[in-house]
Each structure stands twice: as C-alpha cells, then as structure tokens.
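Hi,

Here is the structure I promised to pass on. Have a look at it first, then read my notes below.

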Amino acid sequence: MNAPATKQELIVPAAGAGSPETVAVLTAGAGSGSRRTFRSQLRASLAMFGNPKSATGLIILGVFVLVALFAPWIAPYPPTAQHLDQTLEAPSLQHLLGTTHIGEDVFSQLVYGTRGVLIVGFLATIMATVVAIVIGVTAGYLRGWKSEALSALANVFLVLPALPLIIIVASQFQDPPLWIIAAVLGLTGWAWGARVLRAQTMSLRNRDFIQAARANGEPLHRIILVEMLPNLMAIIASSFVGTMTAAVLGLTTLAFIGVIPVSNLNWGTILFWAQQNNAFPDYWWWYVPAGLCIALLGVALSLINFGIDEYVNPRLRSAGERARALKKRGIDQNAAVTTVRTVASPASTTAAGAAADPESTPA
C-alpha cells in the first residue's frame, strides 16, 4: 500500500501476547531535513543586499568599478598628455571637464584616478578584513590567555596612528607602489573589526547549534566556516564597507597633503595639483569633479552600510518596512499633521441638508 503524501502510519506489534498494537505516526519530512551547508547559509546572509539602500549603493559602486575597468576606452586622452595651447580652458565638447595649467584633460585624469582609488581601497579593505576575521573569530572562539593575548594585540593596533606610519613607510621609497600603500592602510585598519567580531563570536560559541556541532565531533574548521561565519556575514560586510570608506578617505587625504608621490594618480593628486596652482575658486572644473567623486563614493558606501544595519537590526528593519508600507499607501509618516478623511452616509447628508434649510422641514 502506498504511503500518504504527508504522513506515514507504522504498525508496531506490542511485546506481550494479546496486547494492543501501537500506532506511531511519523511525519514524512521529519527525518529527511537537509543538512545546512555553507552555500545555503551564505545565500541567506547575502539577502542583506536586497535592501533598497544597499542596492542603490551597490549600483553607484558598480558604476565606479566599470569606469576603473574600462578607463582606457572611456578617457578621451592619456591622463598626462599636455596641450600647452589649451591651458586652463573651461569645460567644452573637446575637454568635457576643462584642462589644467599645462593643458592636461581633467576628465581623463578623473577616469584614471578612479582606478587608483579603487585598487588601493579594495586591497587595503581585503587585507584588513582577512586579518580581522582570523584574529577576531579566533580570539572569540578560544578561551583563557590566548583570547586575551589576541584581544590585547587588537587594542595595540587600535590606537596605532596610521598617518605617521604611512609617512615613514612612504619616505623609504622614491615611488612607492600602490600595494605598499594599501598594505599599510590595511594593517592599521583591521583592529576595530576584529574587536566587533570577537564580541559576536563569544556570543555565538555558547549557542545550541555550536554546542551540538561540537558534541557531534565536527572539526574546528567546519564549525567556524559552516556554523559561525555565515552568522557573522552581516557584521563582516558592515566592517568591510566601513574599512573601505576609511581607506579611500585615507588615500585621498595622503595624496592631497603630498605624502604619496604625485605619479600615483588618484582623486587626491588632482586636488593636490589644483591647490598647488591656486585653482580655488576660479577654476572650479579642476577641483569640484574630484571632490564630488569622493563624496559620491562615500555616499554609496554609506548606503550599503545603512542597508546592512537595517537588515541586521530587527528594530530598524521593522521601521523601514513600516515606512515603505505607508509610502505605498500615500501616507507621509514624517508629516506633522495627518489629514483624516471621513465619508458621510446618505442619511446623515439628508439630515444635514434639512437642518440647513428649515423651510423644507415638514410641519
């Protein structure tokens, strides 16, 4: 006899003679639940980027990435090509964002400078995130002096000044490569993320599913990779975005004050040359586009971070869902006064008309 689709009856004879038979009802999917995998948990963790704020930030960041990848095809001129007969020209069809004091095309410099900013930003952020995950999760999972030693190491790097260290390192090279600058920014920017991951890991290590995995004899690497990391993905993503924001701002600041050689073209070097040649405030096309790009990239990273925070924090997530639901209904939740519309019934309308016209009232 075929078993039902949802339930299956199993008749088990009793041990004693003449005893009634025992009926055990088994749910079909009870013992066939699929085991949680890293891929399935990772897919659930990446749902944080479905937030409208995160999606908008990712679109803006994606545009910058495409500009950096296809810079040779987007830029109309080489970034250092000089047109001495076209110096300090205002934006035109020939030079979309004008020219510099030696006739360099500002738009081409801006496009190629995007590549330098994103390379340093991503390299520094990846280095800092990897170090933060290794040290933070290890310090949170271990106990005793090992955990305290790793926590003390994070505290030391947390107060380590990045700017003097980068100046010292850059002074040792006549033309320091981008990966050196990214390495210094990454090694000085991992401590805060490691502290946050350590605190969250200490909270997770006593959860039931971690204890069950440890009791089942799961190896340490599987407990961390499959059980812990997917639950830390939102915090890791938020730390990644925050570290990249700090790395981009650090790079442009160092380039603007002249610590990084001007041969490493980025948005900060454009502002450096504009400041050195007194472009403020007359030649706005030289410095305003670079400043707007820095601000726009910061807005994109902030939107991604806000979206992740709204996904992680249940209170923010419920508030955001409520605001979007009210907006679809045409209600502004920030309005000081809410207009309430009432629809009068036909009977009340007739009574109101009769009261307004006494002559029409029968005697």
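Is arginine 222 buried or exposed? Arginine 222 turns out to be buried, because its relative accessible area is 18% and the cut-off for buried is under 20%. Do keep in mind as you read on that this is a predicted model, so everything here is computed.

One of its partners is glutamate 218, and the two side chains meet in a salt bridge at 3.8 Å, N to O. Another is glutamate 227, where the closest N and O atoms of the salt bridge are 3.4 Å apart. Glutamate 227 is buried too, since its relative accessible area is 9%. Because they share partners, these bridges join Glu218, Arg222 and Glu227 into one network.

The count for the model is three salt bridges. Arginine 198 counts as buried because its relative accessible area is 16%.

Now for the surface. Leu66, Leu69, Phe70, Trp73 and Ile74 make up a nonpolar patch there, and together they have about 570 Å² of accessible area. Helices α2 (52-69) and α3 each supply at least two of the patch residues. Tryptophan 73 belongs to helix α3, and it counts as exposed because its relative accessibility is 69%.

I also looked at alanine 295, which is in helix α12 (residues 284-312). Its relative accessibility is 43%, so it counts as partly exposed. Leucine 249 is 46 residues away from alanine 295 in sequence, with 9.8 Å between their C-alpha atoms.

As for the whole chain, you will find 14 helices and two strands. The protein chain has 363 residues, and 34% of them count as buried. Its accessible surface is about 21,400 Å², with 64% of that belonging to carbon and sulfur atoms. Among contacts with a separation of 6 or more, 66% are between residues 24 or more positions apart.

Among the elements, helix α3 (residues 71-74) has the highest mean pLDDT, 92, while strand β2 (residues 22-27) has the lowest, 38. Residues 1-34 have a pLDDT below 50, and beyond near neighbours in sequence this stretch has 20 contacts in the model. Where pLDDT is low, predicted coordinates should not be read in detail.

Cheers

Note on methods. Residues numbered from 1 in each chain as written. Predicted model: local features only at pLDDT ≥ 70, side-chain atom pairs only at ≥ 80, totals over all residues. Heavy atoms only, no water. Helix = DSSP H or I, 4+ residues; strand = E, 2+ residues; numbered from the N terminus. Buried < 20%, exposed > 50% of the residue type's maximum accessible area, 1.4 Å probe, protein only. pLDDT = per-residue confidence, 0-100. Contact = heavy atoms within 4.5 Å. Patch = residues over 30% accessible without salt bridge, like charges linked within 9 Å, V, L, I, M, F, W, Y side chains within 5 Å. Areas by Shrake-Rupley, 256 points an atom, 1.4 Å probe, with all protein chains shown as cover. Salt bridge = Lys/Arg side-chain N within 4 Å of Asp/Glu carboxyl O.
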